[in-house]
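Dear colleague,

Please find below the structure that I am handing over to you, together with its sequence.

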Amino acid sequence: MKYLGIDFGEARIGLALSDSGGRMAFPKKILLNRGNARLMEQVKKLISEEHISKIIIGLPLSLDGKETEESGKVRAFGKWLAGNATLPVEFENEIFT
C-alpha cells in the first residue's frame, strides 16, 4: 500500500511518497497553493502515476494535543481533498515532526 503524505500550508503544500510497503516516506515535491482547481489537477496526476492508496495529512496540534486555528484549515482542506480525490484521507498528528 502506497501513501501520499501532505503537509498543508496556505502558500505551499509539501508532498511526500511512501515506499510500496507504506513504512518510510520520502519528500517528492512542493506545490504552490494557488487555487483548488490547479492543485487538484496536480494531486490527481501524482495519485495516478504513483498508484496511491491513501492520503495522510499532517495535523498541527498544540503541545497539549488540542486543535488550533490552523488545525481547522487543515481539516477543511482534507475534507475538500477527500471529496475530490476519491481516496481515503486520514490525519496524523505532526507535533515534533
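This is a predicted model: local features need pLDDT of at least 70, side-chain atom pairs count only at pLDDT 80 or more; totals for chains, interfaces and linings use all residues.

With which residue does Glu49 form a salt bridge? The partner is Lys45, and the closest N and O atoms of the two are 3.9 Å apart. A salt bridge here is a side-chain nitrogen of Lys or Arg within 4 Å of a carboxyl oxygen of Asp or Glu.

Residues are numbered from 1 along each chain as its sequence is written, and side-chain values use heavy atoms, with hydrogens and water left out.

Salt bridges

Glu49 and Lys45 both belong to helix H1 and are 4 residues apart, about one turn of the helix. Helices (H or I, at least four residues) and strands (E, at least two) are DSSP runs, numbered from the N terminus. Glu49 is partly exposed at 47% relative accessibility, whereas Lys45 is exposed, with a relative accessible area of 51%. For these terms, buried means under 20% relative accessible area, exposed over 50%, and partly exposed in between (1.4 Å probe, protein chains only).

In total, the structure holds 9 salt bridges. One of them joins the side chains of Lys2 and Glu50, at 2.7 Å from N to O. Lys2 lies in the segment before strand S1 (3–7) and Glu50 in helix H1 (residues 36–50), so this pair ties together parts that are 48 residues apart in sequence. Both Lys2 and Glu50 are buried.

Glu50 also meets the side chain of Lys28 in a salt bridge, at 3.8 Å from N to O. This pair again links distant parts of the chain, with Lys28 in strand S3 (residues 25–32) and Glu50 in helix H1, 22 residues apart. Lys28 is partly exposed, its relative accessible area being 41%.

Packing of the two helices

Helix H1 packs against helix H2 (residues 69–85) at an angle of about 60 degrees, with the axes 11 Å apart. Axes are lines fitted to C-alpha atoms, for helices over the stretch in contact, and angles run from 0 to 180 degrees between N-to-C directions. The angle makes H1 oblique to H2; angles under 35 degrees count as roughly parallel, over 145 as roughly antiparallel, 65 to 115 as roughly perpendicular and the rest as oblique.

The contact (heavy atoms within 4.5 Å) is made on the H1 side by Asn36, Leu39, Met40, Val43, Lys44 and Ile47. On the H2 side, Phe77, Trp80, Leu81, Asn84 and Ala85 take part.

Individual residues

Ile6 is located in strand S1 and is buried, at 4% relative accessibility. Beyond residues up to four places away in sequence, Ile6 touches Ile13, Gly14, Leu15, Ile55, Ile56, Ile57, Gly58, Phe77 and Leu81. The C-alpha atoms of Ile6 and Lys66, which are 60 residues apart along the chain, are separated by 20 Å.

Ser71 has its place in helix H2 and is buried, at 0% relative accessibility. Apart from neighbours within four places in sequence, Ser71 is in contact with Leu59, Pro60 and Leu61.

Met24 sits in the loop between strand S2 (12–18) and S3 and is partly exposed, at 47% relative accessibility. Neighbours within four places aside, Met24 is in contact with Leu17, Ser18 and Asp19. Met24 and Ala76 are 52 residues apart in sequence and 26 Å apart in space, C-alpha to C-alpha.

Most residues other than glycine have a negative phi. His51 is not a glycine, yet has a positive phi of about 55 degrees. His51 lies in the loop between H1 and strand S4 (54–59) and is exposed, at 64% relative accessibility. Thr86 likewise has a positive phi, near 55 degrees, in a residue other than glycine. Thr86 lies in the loop between H2 and strand S5 (89–93) and is exposed, at 70% relative accessibility.

With kind regards
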